[in-house]
Amino acid sequence: MATRVLCLFLLALFAITSASAQSDVPIISGGAGFFSATQGGITFLQPVVAPVLAVPLGEKWLIESRADLRGFISREDGTTGPYQGQFFDTLEYLQIDYNANSRLTVTAGRFLTPFGIFNERISALWINKFQDAPVIAAIGTAEGYSDGFMLRGALISNGRYAVNYTAYFSTLSNVNKFESERSTGGRVGIFLPGTRLEVGTSYERTLQDQHMNSFGADLSWAPYQLPLEIKGEWAHSPSGHGYWVQGSYRLSQLGNANSAIGRLEPVFRMQQFFRNQQIAGDSLPSTNMRRPDIGLNYYLPHEIRLNGSYGREYLSHSTDTNVWEFGITYRFLFPLWPGESK
Amino acid sequence: MKPWIFAAVTLVCLSSLSVAAFAQTGAKGSTNNQKSKPAPTTHGSPSDGEKRFQANCGRCHNAPEDISPREARAVARHMRVRAMLSAEDEKLILEFLAP
């Protein structure tokens with residue numbers, strides 16, 4: 001059923017966009033990658049393609065979608081035996097946006113749950129500076145996706161500061177590939193363009209089973225004077241609470257951004273989670289956990305990035321493990337169909 | 001699709017791209033194609049569009065290395081929704097991406 005709906009949607013999309021102006025050409029963007037992760041001696045390989053479709057319609061409308069096509073390959077018995085693999089395909093968002101005015105955009109469909117900054121802004125594999133998500137990313141996001149409608153925009157925006165917001169309602173859905181929880185929530189952020197500093201706070205309430213509240217706070221700072229980025233989040237739910245904080249520094253001041261050294265970017269992330277109570281299916285560590293990671297990214301020309309990182313995971317009721325991760329990502333962008341450049 | 005086939009195809013494609021990128025690191029000049037780089041800073045003073053891009057989009061990622069005017073419109077509209085930009089921001093960023 002879902003496949004038929006998707007096919008019909010894509011057919012309608014093609015018909016609409018074919019008739020639209022040449023300047024409204026849709027694009028396929030996104031990232032592809034190949035990742036290797038070894039934790040406690042067990043190695044997993046993950047080939048990933050995450051295409052994004054963006055279809056502008058006229059002056060105010062946009063249809064956009066992102067999928068995640070991922071293989072998950074490991075040895076049958078962990079460290080021995082033949083390799084075996086599984087294939088996962090996830091529709092992360094498929095939404096239609098209407099830019100009502102400069103302060104309001106109305107979104108309907110399947111969208112990334114707007115809780116904190118990781119899920120909406122950093123989760124794209126070519127943006128994320130580590131190949132895995134912070135462990136607390138599951139708090140407040142309901143597996144990451146919601147089906148319903150959302151209001152978003154900037155209430156106030158001037159040269160000195162901006163106040164942005166998102167508010168959404170998600171319905172319960174058991175449709176294959178469109179599963180979601182019944183929930184509501186949103187985020188409010190204050191952004192200072194002069195210093196590129198933003199702080200925000202998020203809230204989510206599930207409206208099914210146990211009605212649970214989740215709260216979060218986030219910070220993002222990228223000073224103009226330095227090629228430095230600092231980001232972090234704190235989140236709390238009945239399952240527990242935790243934080244992650246991440247810093248990266250591109251060595252572009254040694255030469256320039258395109259020199260051999262200037263393409264390097266050391267990154268560091270620290271995260272902790274404190275378990276409060278066991279709640280089935282919350283996608284969080286079963287016990288207290290802390291994990292520092294240190295990594296190095298190398299930005300090649302043509303939107304290719306190599307990355308490697310080492311982390312040490314400390315669990316309160318289990319053996320500590322080393323985590324080695326290596327990967328390559330490619331960011332792509334091209335029009336959905338060929339045509340003249342102008 | 002079998003994971004192994006998917007993995008092999010992905011790895012071969014990315015390896016080819018990586019080798020090509022390594023080969024072109026430090027190469028001088030650029031090919032003349034339909035795509036162009038976002039508008040460069042002129043006389044050390046960034047345009048309004050570049051300022052808006054750096055203040056909003058540039059906090060999380062770089063501008064695309066090459067982008068055509070046909071593609072820029074969809075990119076700017078996408079960023080308007082993602083980064084909660086105003087109509088004026090969208091217009092200026094569009095001018096920066098595809099002058």
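Along its sequence, chain B follows the pattern α-α-α-α. It has four helices and zero strands. Helices (H or I, at least four residues) and strands (E, at least two) are DSSP runs, numbered from the N terminus. This is a predicted model: local features need pLDDT of at least 70, side-chain atom pairs count only at pLDDT 80 or more, and totals for chains, interfaces and linings use all residues. Residues are numbered from 1 along each chain as its sequence is written, while chains are lettered from A and ligands numbered from 1 in the order in which they are written.

Of the 99 residues of chain B, 36% count as buried. Buried means 20 or more other C-beta atoms within 10 Å of a residue's own; exposed means 12 or fewer; partly exposed lies in between, with C-beta atoms placed from the backbone.

Now look at the largest nonpolar core, with 29 residues. Such a core is a set of buried Ala, Val, Leu, Ile, Met, Phe, Trp, Tyr and Cys residues joined through C-beta atoms within 7 Å. Among the residues that touch the most other members are Ala54(A), Val75(B) and Leu97(B). At least two residues each come from β2 (42-57) and β3 (61-75) of chain A, and from α3 (69-82) and α4 (87-97) of chain B. The most come from α3(B), which gives six.

Turn to Ile230(A), which sits in strand β11 (residues 228-237) of chain A.
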